[in-house]
Amino acid sequence: MAGLWYTEKQTDNFGITMKIKQTLHVEQTDFQLLEMAETEEWGNMLFLDGMVMTSERDEFVYHEMVAHVPLFTHPDPKKVLVVGGGDGGVIREVLKHPQVEKAVLVDIDGKVIEYSKKYLPSIAGKLEDPRVDVRVGDGFMHIAESENEYDVIMVDSTEPVGPAVNLFTKGFYAGISKALKEDGLFVAQSDNPWFKADLIRQVLKDVREIFPVTRMYTANIPTYPSGLWCFTLGSKKHDPLEVKEERFHEIDTKYYTSELHRAAFVLPKFVRDLAEGE
Ligand code: SAM
């Protein structure tokens, strides 16, 4: 693919395109087409089934926002679960919180973990940390088998196609509620409001029916279609908007700040309407 342009098609008429410097690895795994490439603009990138998963240059936005918003919302997150996330970026951020004693990662595809360690070492480099328990398996099944176990769960999944379809169902959110301790909370990546409005409406509706505190926040991620990315937070008790200033401790970040923790929940009107089911 060297010198060619790679396009992730979002619709038949729109996609997001980057120039490839060299192809690093291509493999049809048991679950998805895995492609790793070096790009001119964004460094090494991981694609699954033709969709951008992460890039070395902008990965920090997504990984920081998936990890730090829920971890600063929970007053004492000791045990954490990442569903998906085989590139290791969310785990790297989770480990910046000293209260976290154990972080379990369950990704269905061991090849994502293997090739992320090889070609995305700045992202995957903390997967060997002693606080981390990496398991290869279906996150849906892991959730179904867990009860009253986790303080915080982060769903860092692919889009709702292939192995991730079940991770966008009401049954999965009910399982998450059961897997969480009594004051637990979770976050899930929820795609973009420009092209996936129906999905976002459905996710918010389902989560709201299960969790007393349901909120949506956004982040700017240039390599994801439309650049505006949504995250859904469901919580049994703690509200991300009521975190006291003294709870924020200093961590090394490039996107997340305590100001942004609050600001990210201020939604553009058309996104707020979606979140409210309109
Ligand atoms: N940040 C990316 C995004 O939003 O496009 C997603 C990151 S990628 C690491 C997502 C991971 O979810 C993939 O490694 C994939 O193997 C994993 N995954 C998909 N379905 C899964 C399932 N049912 N259980 C566990 N992991 C799953």
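Ala, Val, Leu, Ile, Met, Phe, Trp, Tyr, Cys and Pro count here as nonpolar, Asp, Glu, Lys and Arg as charged, and the others, Gly among them, as polar. With that in hand, the shell around the ligand divides into 11 nonpolar, eight polar and five charged residues. Please keep in mind that this is a predicted model.

**Around the ligand**
- The ligand is surrounded by 24 residues, and the closest are Gly84, Gly86, Asp109, Gly139 and Pro163.
- Domain 1 (5-55) and domain 2 (58-276) each give at least three residues to this shell.
- Four elements, β5, β6 (79-84), β7 (102-107) and α5 (139-144), each supply at least two residues of the shell.

- Five bridges pair β1 with β2 (residues 15-28) in the antiparallel sense, and Trp5 stands opposite Lys19 in β2.

**Glu41, a loop residue**
- You will find Glu41 in the loop between β3 and β4.
- Glu41 has 13 other C-beta atoms within 10 Å; a residue is buried at 20 or more and exposed at 12 or fewer, so a count in between means partly exposed. Glu41 is therefore partly exposed.
- Apart from neighbours within four places in sequence, Glu41 is in contact with Met18 and Lys19.
- Glu41 and Glu56 are 15 residues apart along the chain, and their C-alpha atoms are separated by 9.8 Å.

**The seven-strand sheet**
- Another open sheet has seven strands in the order β8-β7-β6-β9-β10-β12-β11, and its pairing is mixed.
- The edge strands of this sheet, β8 (132-136) and β11 (213-220), each pair on one side only.
- Neighbouring strands here are turned by 15° against each other on average, direction ignored.
- Within this sheet, β6 and β9 (residues 150-156) run parallel and are joined by five bridges.
- Gly84 has Asp156 in β9 as its bridge partner, and Gly84 is also among the residues closest to the ligand.

Conventions:
Residues numbered from 1 in each chain as written. Predicted model: local features only at pLDDT ≥ 70, side-chain atom pairs only at ≥ 80, totals over all residues. Pairing = 2+ DSSP bridges. Near = placed C-beta within 6 Å. Domains from an automatic or database assignment. Contact = placed C-beta atoms within 7 Å. Axes fitted to C-alpha atoms, helices over the stretch in contact; angles between N-to-C directions.
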